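Visitor: Could you take me through this model by way of a few questions about its side chains?
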Amino acid sequence: MEKVEALKQIHEKWFVDCKCELKKTATQPVPGNGNPESLIVFIGEAPGKSEDAPGIPFVGAAGKFLAEMLENIGLKREEIYITNILKYRPPNNRDPLPEEKDACREWLHEELNFIKPKLIVFLGRHSMNDFFPTETISNVHGKLLIKKFKNIETKYFLPLYHPAAALYNGGMRETLMEDFKKIPKILEKIEKEN
Ligand code: URA
């Protein structure tokens, strides 16, 4: 419970300190949400219309698909932690701009280093490229990347296709569901190694 409260305070500090220009057009911030003791953190791209209204990430169609895939591997949404690269909705859901990513990055890093998950799962290319700018999602989806960054405590990363992109694309949907099923084994391997 103490950790829940401490994380809430981190978010409340960033509600004030974040300099992202999207603050002007978004309804409200959409901070990360879920269990701060989670072994896995999922990072998406940015809130959409469905998330901007309640201020909670991944509650629209992509979020429902994500919840379904989590259930398939025996996890409930409340057991894990979900956040986004951007904490504010871009107008008309356009792609995030580099300066918007820059403005929200320290907030993301602070929540990651507070939770210290064993595994970070990237949902889509924007999230992956923020950490691995030269990789392409079609090459590395479903593959465990191991890297020690100087400002991030976690060193295991799994890139996946974004659930919104895969939702209505049969082939990509199948691939995402197959990649998702690798998560329990990957976690087991990480726990054994550490
Ligand atoms: N897509 C995202 O990347 N994040 C959300 O919160 C919702 C949809």
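Visitor: Is Lys24 buried or exposed?

Guide: This is a predicted model, and the answer rests on its computed accessible areas. The relative accessible area of Lys24 is 66%, and because the class "exposed" begins over 50%, Lys24 is exposed.

Visitor: With which residue does Lys24 form a salt bridge?

Guide: Side chains of opposite charge can pair when their charged atoms come close. For Lys24, the closest N and O atoms of the salt bridge are 2.7 Å apart, and the structure holds 11 salt bridges. The partner of Lys24 is Glu21.

Visitor: Arg94 forms a salt bridge with Glu100; is Glu100 buried or exposed?

Guide: The closest N and O atoms of Arg94 and Glu100 are 2.7 Å apart. Arg94 has a relative accessible area of 31% and is partly exposed. For Glu100 the relative accessible area is 4%, and because buried means under 20%, Glu100 is buried.

Visitor: In which helix do Lys189 and Glu193 lie?

Guide: The side chains of Lys189 and Glu193 meet in a salt bridge, at 3.1 Å from N to O. Lys189 counts as partly exposed at 39% relative accessibility, and Glu193 is partly exposed with a relative accessible area of 45%. The two residues are 4 residues apart, about one turn of the helix, and both lie in helix 9 (residues 183-193).

Visitor: How are the rings of Phe122 and Phe132 arranged, stacked or edge-to-face?

Guide: A search of the whole structure finds 12 aromatic pairs. In the pair of Phe122 and Phe132, the ring centres are 6.1 Å apart and the planes stand at 70°; because planes over 60 degrees apart count as edge-to-face, the pair is edge-to-face.

Visitor: How many residues apart in sequence are the parts that the pair of Phe122 and Phe157 ties together?

Guide: Phe122 and Phe157 form a stacked aromatic pair, with 5.6 Å from centre to centre and 5° between the planes. Phe122 is buried, with a relative accessible area of 0%, and Phe157 likewise counts as buried at 0% relative accessibility. Phe122 lies in strand 4 and Phe157 in strand 6 (residues 156-160), so the pair ties together parts whose separation in sequence is 35 residues.

Visitor: Where does Glu79, one of the residues in a patch of negative charge on the surface, lie?

Guide: Glu68, Glu71, Glu78 and Glu79 gather in that patch. Glu79 counts as partly exposed, at 37% relative accessibility. Its place is the loop between helix 3 (61-72) and strand 3 (81-84).

How values were computed: Residues are numbered from 1 along each chain as its sequence is written. This is a predicted model: local features need pLDDT of at least 70, side-chain atom pairs count only at pLDDT 80 or more; totals for chains, interfaces and linings use all residues. Side-chain values use heavy atoms; hydrogens and water are left out. Patches are made of residues with over 30% relative accessible area and no salt bridge: like charges are joined within 9 Å, nonpolar side chains (Val, Leu, Ile, Met, Phe, Trp, Tyr) within 5 Å. Accessible areas come from the Shrake-Rupley method with a 1.4 Å probe; for residues, only the protein chains shown count as cover. A salt bridge is a side-chain nitrogen of Lys or Arg within 4 Å of a carboxyl oxygen of Asp or Glu. Lys and Arg count as positive and Asp and Glu as negative; His and the chain ends are not counted. The place of a charge is taken as NZ of Lys, CZ of Arg, CG of Asp or CD of Glu. Buried means under 20% relative accessible area, exposed over 50%, partly exposed in between (1.4 Å probe, protein chains only). Rings of Phe, Tyr and Trp (its six-membered ring) pair if their centres lie within 6.5 Å; planes under 30 degrees apart count as stacked, over 60 as edge-to-face and the rest as tilted.
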